[in-house]
Amino acid sequence: MESISRRTHTCGQLRPDHAGATVTLHGWVDSIRDKGGVMFLILRDRYGMVQVTLDERCGDGAWTDAKAARLEYVLEVEGAVHKRADSAINSKMETGSIEVLAERVRILSTTKPLPFTINSDKIASEEVRLNYRYLDLRRPPLQRALMTRHKAALSTRTYMDAHGFCEVETPILNRSTPEGARDYLVPSRVHPGHWYALPQSPQIFKQLLMVSGMDRYFQIVKCFRDEDLRADRQPEFTQIDVEMSFCTRDLIVEIANGLVRQVWSDVIGVAVGDIPTITYHESMDRFGRDAPDMRFGMEHTTLDWSGTDFRVIASAVEQGGIVKAMVVKDAVEGTSRKVIDGWTEFVKRYRLGGLLWGKVTADGWTGPLSKVEESYREMIPDVEVGDVVLVAAGPAAHVHAGLGKLRETIARQRDLIPADAFAFVWVVDFPAFEQDEETGHWTAMHHPFTKPLDEHIGWLGTDKMGDILSDAYDLCCNGYEIGGGSIRIFDSEVQAKVFSALGLSDEEAQDKFGFLMDALQYGAPPHGGLAMGFDRWCMLLCGTENIRDVIAFPKTTTAQDLMAGAPNLVDSAQLEELFVRNTND
């Protein structure tokens with residue numbers, strides 16, 4: 001077979017300055033238009049598209065091979081670049097002011113019938129596209145997403161290097177230390193009955209690097225969590241992992257803000273200004289969520305309706321619940337009872353009994369809220385004629401969750417979210433621990449290596465556990481948590497108190513985290529860090545709400561790779577070699 005010629009230019013590279021040059025191109029046939037005596041091929045590669053023209057000026061061989069070409073055939077084209085007449089310029093193509101007059105066309109590869117059309121506006125189902133992901137990745141939007149990801153990683157490494165950080169790889173095969181989700185486990189062949197775990201994060205190792213004196217570490221790293229999936233989660237994900245010695249929260253926030261500004265500027269040309277900071281409790285009060293979307297208003301107001309005679313509200317308050325209101329501006333017109341019923345059913349998913357609502361008209365209030373005493377309705381701020389007011393009452397966690405999620409749903413329904421906007425915010429001072437409603441057991445809200453605020457350390461193991469705040473912080477953007485971290489515990493005695501407060505015996509703590517506990521006794525410096533969700537960053541940079549759009553070979557919401565057929569069954573002989581038995585046999 002004749003060897004291919006060396007490519008001189010990419011399909012997206014040619015401009016009027018190249019007019020008169022003879023070029024060699026390689027690419028896929030994106031479209032074909034045969035006008036009889038004239039043929040137009042659009043040739044595509046990951047850099048762009050270019051029109052290849054064939055007419056009576058071309059050689060017979062070029063015409064014959066071009067006539068045999070079909071969509072997604074791979075071609076080699078040699079020809080001269082011609083500048084188009086002004087009337088023939090295609091403004092929809094970056095190369096639309098030129099064309100390549102083919103002198104030679106050679107088919108390098110053919111294709112069998114395609115499962116879907118690559119260049120069609122009618123996109124096939126996601127299942128079909130994931131089955132043929134290598135074809136799906138030929139589509140320019142996905143190729144642009146992967147290029148965005150590449151640029152974001154490059155920008156990150158440049159910034160971190162400039163600020164004294166060293167990229168260090170940490171182990172993938174480690175011991176199991178569950179951090180809130182299930183580990184992916186790997187059996188050991190050479191140690192029968194023993195297992196490795198894939199890391200949910202490099203947390204312990206990056207703390208050990210601080211003990212080792214590395215001072216400033218980062219890593220763009222793969223992590224794994226066996227948890228239920230959704231649009232912004234994958235079982236294997238990538239994070240920008242960062243740790244610093246001799247730092248405060250303010251210094252870490254400063255470094256992270258600089259990274260965000262550089263990546264957003266380098267990749268999409270957006271200038272990120274000042275990033276505000278709010279506390280966890282303020283975030284929950286105003287937005288009902290610890291990852292608030294601040295691109296629009298419709299904030300919550302917590303109401304003191306403890307003295308109302310309205311029985312539904314009074315009962316919730318008597319049982320220790322809270323009352324919150326949300327005002328939907330200018331919504332009376334177009335908000336039917338059916339719409340309100342839909343909102344009510346929505347909040348029931350979050351264990352709320354329902355919603356109280358009222359429409360404010362020129363003639364007064366209508367709906368259930370019209371029955372609440374006027375003095376209590378007047379506590380709701382910023383209410384005007386034309387507004388719809390929603391009130392939820394019940395346990396704080398349920399009210400926050402239901403009304404918080406409803407706020408975002410209504411904003412999407414009413415088109416209140418500005419396009420191409422990025423609203424960053426730091427959320428700080430998280431509760432250090434949360435209590436399981438059913439078992440009463442305490443768990444770490446972030447992870448057990450997070451340092452409580454100094455003034456709260458004495459409350460460990462007391463009845464004030466629920467009041468302990470941590471030196472933890474999350475970076476949020478547009479309703480997504482895109483980064484989170486904390487100042488770490490570097491005193492082994494404090495770390496032991498935290499483990500004890502969480503119900504771990506000394507033996508259990510030593511078994512799970514002994515090497516960290518030992519390391520903290522050898523001159524551990526004060527340190528802290530964070531991890532940025534790199535996949536979510538790329539999702540925001542690309543303007544998509546589906547994380548699978550920015551990952552080359554993603555898993556489905558059932559954690560499957562449809563193309564490769566993973567996970568798959570393994571031969572019983574291989575399992576025996578690993579001392580594992582298939583319980584389904």
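Ile 172, Leu 173 and Tyr 196 make up a nonpolar surface patch, with about 240 Å² of accessible area together. Patches are built from residues with over 30% relative accessible area and no salt bridge, joining like charges within 9 Å and nonpolar side chains (Val, Leu, Ile, Met, Phe, Trp, Tyr) within 5 Å. A salt bridge here is a side-chain nitrogen of Lys or Arg within 4 Å of a carboxyl oxygen of Asp or Glu. Accessible areas follow the Shrake-Rupley method with a 1.4 Å probe, and for residues only the protein chains shown count as cover.

The model is a predicted one, in which local features need pLDDT of at least 70, side-chain atom pairs count only at pLDDT 80 or more, and totals for chains, interfaces and linings use all residues. Residues are numbered from 1 along each chain as its sequence is written, and side-chain values use heavy atoms, with hydrogens and water left out.

Tyr 196 sits in strand β8 (residues 195-197). Helices (H or I, at least four residues) and strands (E, at least two) are DSSP runs, numbered from the N terminus. Tyr 196 counts as partly exposed because its relative accessibility is 31%; buried means under 20% relative accessible area, exposed over 50%, and partly exposed in between (1.4 Å probe, protein chains only).

Now to the strands. How many strands does the open sheet with mixed pairing have? There are eight, in the order β6-β9-β10-β22-β21-β20-β17-β11. Its edge strands, β6 (166-167) and β11 (277-279), each pair on one side only. Two strands pair if DSSP finds at least two bridges between them.

| Strand | Partner strand | Bridges | Direction |
|---|---|---|---|
| β10 (residues 236-245) | β22 (residues 527-533) | seven | antiparallel |
| β1 (residues 22-34) | β4 (residues 74-83) | seven | antiparallel |
| β1 | β2 (residues 39-45) | six | antiparallel |
| β2 | β3 (residues 48-54) | seven | antiparallel |

Individual residues show how these strands face one another. Gln 239 stands opposite Gly 533 in β22, while His 26 is set opposite Glu 76 in β4. Asp 34 faces Met 39 in β2, and Ser 31 has Ile 42 of β2 as its bridge partner. Further along, Asp 45 is bridged to Gly 48 in β3.

Strand β2 takes part in two hairpins. In the hairpin of β1 and β2, four residues lie between the strands, and Gly 36 takes a positive phi near 95 degrees. The hairpin of β2 and β3 has two residues between them.

Is β2 mostly covered or mostly open? Seven of its seven residues are buried, making β2 mostly covered. In a regular strand, side chains alternate between the two faces of the sheet. Both faces of β2 are covered: Met 39, Leu 41, Leu 43 and Asp 45 are buried on one side, and Phe 40, Ile 42 and Arg 44 are buried on the other.

Next come the aromatic rings. Rings of Phe, Tyr and Trp (its six-membered ring) pair if their centres lie within 6.5 Å, with planes under 30 degrees apart counted as stacked, over 60 as edge-to-face and the rest as tilted. By this rule there are 13 aromatic pairs. Phe 422 and Phe 424 form a stacked pair, 6.5 Å centre to centre with 25 degrees between the planes. Phe 422 counts as partly exposed because its relative accessibility is 26%, whereas Phe 424, at 7%, counts as buried. The pair of Phe 449 and Phe 499 is edge-to-face because the planes are at 90 degrees, with the ring centres 6.4 Å apart. Phe 449 lies in the loop between β19 (442-444) and β20 (472-477) and Phe 499 in helix α12 (residues 492-501), so this pair ties together parts that are 50 residues apart in sequence. Both Phe 449 and Phe 499 are buried. Ring pairs also link Trp 264, Phe 422, Phe 424 and Trp 537 into a cluster.

Finally, some backbone details. A cis peptide bond, with omega about 0 degrees, joins Ala 566 and Pro 567. Pro 567 is in the loop between α14 (534-542) and α15 (572-577). Asp 415 is not a glycine, yet has a positive phi of about 55 degrees; Asp 415 belongs to the loop between α11 (396-413) and β17 (424-428).
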